[in-house]
Amino acid sequence: MRPYMDKLMPDAWRGATKFSTVVRDAADAAGISAEESELIKVRASQLNGCAFCLDLHARQARQAGVMQQKLDLLPLWRHSQLFSDREQAVLAIAEAATSLPLTDDSRIELFDAQELLGDEQFVAAEWIAAAINMFNRISILSGHQVRPRDVAGKVIR
């Protein structure tokens, strides 16, 4: 079993969580909704294969008001009519920030997202994507486990 990074270097973990709080507050101030923020986090976690963060942020997305159907279709968001233009923009940012290096297609999608969102919201979404990518790596490297939950979301012992 791998050592948990957060447990063995708690000061670094506290710094990471403080960073995340600053990003969240700045994104809120810039006008990125909780739903949009959680869509970024869920999509990046899917792409990174981070089960722990995916479990956490899928629950938080539902609490923020994201429909279950959108979460179900998230891997195929480009092929669904359910996602608004803004949601498509933040999802393009999430994917570009997660699947580096940038491709010609991702550069075009980022340009379109910036045009739609404006610089402040565009950069706020990039910061959210950067932050969740960091947390995905911490959880994957640490081997954080997903605990079973019932339908209400309570941990099953």
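## Salt bridges and helices, one at a time

Me: Which residues are linked in a network of salt bridges?
Reply: Keep in mind that this is a predicted model. Side chains of opposite charge can pair when their charged atoms come close. Here the pairs join up into a network, and its members are Arg43, Arg78, Glu95 and Glu109.

Me: How many salt bridges does the count come to?
Reply: For a pair to count, a side-chain nitrogen of Lys or Arg has to be within 4 Å of a carboxyl oxygen of Asp or Glu. Going by that rule, the count is 10 salt bridges.

Me: Which residue meets glutamate 36 in a salt bridge, side chain to side chain?
Reply: Glutamate 36 sits in helix α3, which covers residues 34-48. Leaving out residues up to four places away in sequence, glutamate 36 touches Gly31, Arg86 and Val90. The salt bridge, at 2.7 Å from N to O, is with arginine 86.

Me: How many residues apart in sequence are the parts that glutamate 36 and arginine 86 tie together?
Reply: Their side chains meet in a salt bridge. Glutamate 36 belongs to helix α3 and arginine 86 to helix α6 (residues 85-98), so the pair ties together parts whose separation in sequence is 50 residues.

Me: Is glutamate 36 buried or exposed?
Reply: The cut-off for buried is under 20% relative accessible area. Glutamate 36 has 7% relative accessibility, so it counts as buried.

Me: What does arginine 86 count as at 26% relative accessibility?
Reply: Buried means under 20% and exposed means over 50%. With its 26%, arginine 86 falls in between, so it counts as partly exposed.

Me: Which residue forms a salt bridge with aspartate 55, with the closest N and O atoms 3.5 Å apart?
Reply: Aspartate 55 also has a salt bridge to arginine 59, where the closest N and O atoms are 3.2 Å apart. Aspartate 55 and arginine 59 share helix α4 and are 4 residues apart, about one turn of the helix. The 3.5 Å salt bridge goes to arginine 149.

Me: In which helix is the place of histidine 57?
Reply: Histidine 57 has 8% relative accessibility, so it counts as buried. Setting aside neighbours within four places in sequence, it is in contact with Glu38, Lys41, Val42 and Ile132. Its own place, within residues 51-64, is helix α4.

Me: What is the radius of gyration of the chain?
Reply: The chain has 8 helices and 0 strands. The globule rule gives 15 Å for 157 residues, and the chain comes close to that, so it is as compact as a globular protein of that length; its radius of gyration is 16 Å.

Methods
Residues numbered from 1 in each chain as written. Predicted model: local features only at pLDDT ≥ 70, side-chain atom pairs only at ≥ 80, totals over all residues. Heavy atoms only, no water. Helix = DSSP H or I, 4+ residues; strand = E, 2+ residues; numbered from the N terminus. Rg over C-alpha atoms; globule rule 2.2 N^0.38 Å. Buried < 20%, exposed > 50% of the residue type's maximum accessible area, 1.4 Å probe, protein only. Contact = heavy atoms within 4.5 Å.
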